[in-house]
Amino acid sequence: MTDVRIITANSAAAIAAKLCRVQVISAYPITPQTPVTEELAQLVESKELDAEYLTVESEHSAMASVIAASQVGARVFTASSANGLLYMHEMLHWAAGSRTPVVMACVNRGVGAPWTILNDQQDSISQRDTGWIQLYCKNSQEVIDSIIQAYKIAEHIDIPTMVCYDGFILSHTTTPVEIPGQELVDQYLPPRRQVKGISDHSFMNVNPLILSDPRLGIDGKMAPGYMDMRYRLQNDLIKAIGLIKEADQEFEQLFGRSCGGVCWNYKMSDAAHAIVSFGSLASECTLAADLLRQKGLRAGVIGLRSYRPFPKNEIVKNLNGVETVTVFEKDVSYGYEGALAMDLKAGLYDSVNHPKFCSYVVGLGGRDVLPETLANEAYKAITGEIEHGWVDIKA
Amino acid sequence: MSSTYQIIWHGRGGQGAVTAAKIFTEAAYLQGFKGVSAKPTYFSERRGAPVSVHARISLDPIRTFSNVSMADMAVVLDDNLLEMVNVTSTLKEGGLLVINSSKRPDELGLNGPFSVAVSDAFQSSEEAGLIIEGNVLISTSILGPIAAASDLVDLANFKRAVEHKFSGKALEKNLLALELAYRSTRISSYTKFARTVSA
């Protein structure tokens, strides 16, 4: 019998960490992530989860301690939001550079100043270039499923993975979530395999300082230079596109549900007008597409799940033949446009198909986004000459 | 979207609106609504300040997480809020307004194209002994008038949802509070042509 519970995405994240039998948790509470830390602390306290819960004085220390635990072979978990995530920034680079398969939940919240506790995706987008895999969830079911998949992906290729979901919109909203059975999760995700580390042997035999060119390591073998190690990270991130798909396919075989691999489609088979988005906003966009279809426009949605690595080929293939592309996103690269819009336009440069392209910034700092608003703006993009805009500016 | 029924809950911080909305959505799920959601609107909320929860129940999975702009039902956990929040401005014509109050529907000074269901949730919870540190807990008794005045969710499924949340003595008290509030609901029904009062 399926176990469906009416829970928040934060509860789903905590349950996922428990089902993955994480061994070390370290986290520092910040709204809207706090309930994740509370629920996990309770699970550890009640001995329902056999893990070490390290209480620390900051997010920087939280990430530093899970990196250390991961380096000696533990399966680790942490979570943060907004300014807390930014405080981890240095350690996020370290986690990826030292090839630790840390999995964290990022409960997306706008970044201060001005201070906000409400949702947008500026926090995780601003960590785009740290070398982490970033998966975005459209609903709470994807939160529990993606965290389980994240361990599979991260531990296979030794790259940390961030599972991002919208603060309050998902984190505090109760919806039905099917809880995977522990036996099936154990089958899907066996205990972490032997530690491989930054070199091919262990974490301990890398020279204290890596030079620009290869040189003899302390074990007498040639050790790669800095750039060579970074090249491996880049190559493995690109390889991870395939791994993310495989992890999702294997998940579907066992659990009967898919998150869509690297991206999912909604009514795209005959679509002339594509809306591209990610997170819960992409779910909102499916209703906008329905509204546009009522107006006689063949609209569809591509929901991006993996933002890094960026599945350029998959998205460009899905956009083949469309007349217009409209991007909605809750982030911006200040001084230019939204991050997804820039990446997608760059991806389309290599394509033979160059659809009309329009991008919008919406919903920053918790400003409510209605499907009707998205449909109206997409309609303007399809029928007008707009290239880039901010939606629902009030003052 | 027309198959979705939308509800706005109005309460005060700490009064139980979030808990009540959660139990309501669980009961709706048990009733057979595949899509249910309850989203508290958070700002710098504090005990006693007006708060709201935006909920949806639907035969299909919920795809929108935006605020409810026009509700099919508004639930008010404290009739003092009627002076602070214009709860009827976001209620659809023909909608249902559920209020915790010791007054009768016609004493509340509410006139408009909507039905009104009133029950004294405080009294029901007090009678059931749901008092902790001087606070009367109404997150289950407020569900009574909803069950009485709408045919969305049966009382039996409200009871099942309450059974999932509580056990032992607390369960007994919560079930009693729900039943008492259900039985003492007074309804003023709106139709396009006439207003009738049933007991």
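The side chains of D290(A) and R63(B) meet in a salt bridge with an N to O distance of 2.9 Å; the term stands for a side-chain nitrogen of Lys or Arg within 4 Å of a carboxyl oxygen of Asp or Glu. The model is a predicted one, in which local features need pLDDT of at least 70 and side-chain atom pairs count only at pLDDT 80 or more, while totals for chains, interfaces and linings use all residues. Residues are numbered from 1 along each chain as its sequence is written, chains are lettered from A in the order in which they are written, and side-chain values use heavy atoms, leaving out hydrogens and water.

Between chain B and chain A, the count is 1 salt bridge. The contact (heavy atoms within 4.5 Å) takes 26 residues from chain A and 19 residues from chain B. On the side of chain B that touches chain A, 8 residues are nonpolar, 6 polar and 5 charged. Here Ala, Val, Leu, Ile, Met, Phe, Trp, Tyr, Cys and Pro count as nonpolar, Asp, Glu, Lys and Arg as charged, and the others, Gly among them, as polar.

Now to the largest pocket, where about 1200 Å³ of space lies. On a 1 Å grid over the protein atoms alone, a pocket is an open set of points where a 1.4 Å probe fits, with protein on both sides within 12 Å along at least five of seven lines; lining residues have an atom within 4 Å of a point. The volume is the space filled by probe spheres set on the points, which are joined across faces, edges and corners. Of the 43 lining residues, the closest to the centre of the pocket are G16(B), V18(B), T19(B), K22(B) and K165(B). The lining divides into 15 nonpolar, 18 polar and 10 charged residues.
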